[in-house]
Amino acid sequence: MSFTPSTVALPDWRIHMDQMHQHQDTFKSSLKETKSYLDKLQEDIGKTLEKVSSREKYINNQLERLIQEYRSTQAKLSEAKEHDQQASGGVTERTRILAEVSEHISVIDTNTLCVIYTDRLSVIPPSAPVVKIKQSLTKLKQEIVQMDVRIGVVEHTLLQAKLKEKSNITRDMHATNLPEPATRPFA
């Protein structure tokens, strides 16, 4: 008996067709089972996302006041730093002026002490304007010291406020514990 290509191909083709139908049935049953798992997983993920979203809104509402306080404290700190820089510039300028005035007074004192009465060989005492200038210089030095103390107090107060704010935020963040969602991979 001789085999022709058409007689051999026909039964192979039917076998392949039957196999394809079997695989299709297997895929359909697997799809139904997998679809139910995926639907449950989608539902669990949706619930978890909803919980996370509501918790996020709750935390944002709880921290909004602290965030506003932090922003206002930052703004005050910026203003204080700017004021400190201006004050430092003023102190530097006053120190420069003080040095110039001190040098001028030194020259005046030297000139005054050098004047000698020819007949008595005594020194002329400093005049009243020189005394006033010295008093003004002393007062200016005291004001500079007071300003330095005030600047230090402002810096210290700002640092304490910043540290307290950071401590409060850290404490509040540790105080709110998020419950972990109870999810199962596949039922």
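## Helices and model basis

Helices (H or I, at least four residues) and strands (E, at least two) are DSSP runs, numbered from the N terminus. M17 is found in helix 1, which covers residues 5-114.

This is a predicted model, in which local features need pLDDT of at least 70 and side-chain atom pairs count only at pLDDT 80 or more, while totals for chains, interfaces and linings use all residues. Residues are numbered from 1 along each chain as its sequence is written, and side-chain values use heavy atoms, with hydrogens and water left out.

## A nonpolar surface patch

W13, M17 and M20 form a nonpolar patch on the surface. Together they have about 340 Å² of accessible area. Areas come from the Shrake-Rupley method with a 1.4 Å probe; for residues, only the protein chains shown count as cover. Patch members have over 30% relative accessible area and no salt bridge; like charges are joined within 9 Å, and nonpolar side chains (Val, Leu, Ile, Met, Phe, Trp, Tyr) within 5 Å.

M17 counts as partly exposed because its relative accessibility is 33%. The classes are buried (under 20% relative accessible area), exposed (over 50%) and partly exposed (in between), with a 1.4 Å probe and protein chains only.

## Salt bridges

The structure holds six salt bridges. The term requires a side-chain nitrogen of Lys or Arg within 4 Å of a carboxyl oxygen of Asp or Glu. E93, R96 and E100 are linked in a network of such bridges. E93 pairs with R96, with the closest N and O atoms 2.3 Å apart. The side chains of R96 and E100 meet at 2.5 Å, N to O.

Helix 1 holds both pairs. E93 and R96 lie there three residues apart, about one turn of the helix. E100 and R96 are four residues apart in helix 1, also about one turn. E93 is partly exposed at 36% relative accessibility. R96 is partly exposed too, with a relative accessible area of 40%. E100 counts as partly exposed at 46%.

Another bridge joins D172 and R171, whose closest N and O atoms are 3.4 Å apart. D172 is partly exposed, at 22% relative accessibility.

## The largest pocket

Rolling a probe the size of a water molecule over the atoms shows where empty space is left. The largest pocket has a volume of about 380 Å³. Its lining has 17 residues, of which H83, D84, R150, I151 and V154 lie nearest the centre. Helix 1 and helix 2 (128-175) are the elements that give two or more residues to this lining. Helix 2 supplies the largest share, ten residues.

On a 1 Å grid over the protein atoms alone, a pocket is an open set of points where a 1.4 Å probe fits, with protein on both sides within 12 Å along at least five of seven lines; lining residues have an atom within 4 Å of a point. Grid points are joined across faces, edges and corners, and the volume is the space filled by probe spheres set on the points.

The lining divides into eight nonpolar, two polar and seven charged residues. Here Ala, Val, Leu, Ile, Met, Phe, Trp, Tyr, Cys and Pro count as nonpolar, Asp, Glu, Lys and Arg as charged, and the others, Gly among them, as polar.

## Contacts across the sequence

A80 lies in helix 1. A80 is buried, with a relative accessible area of 16%. A80 and V154 are 74 residues apart in sequence, yet 7.7 Å apart in space, C-alpha to C-alpha.

K134 sits in helix 2. K134 counts as partly exposed at 41% relative accessibility. K134 and I105 are 29 residues apart in sequence and 7.9 Å apart in space, C-alpha to C-alpha.
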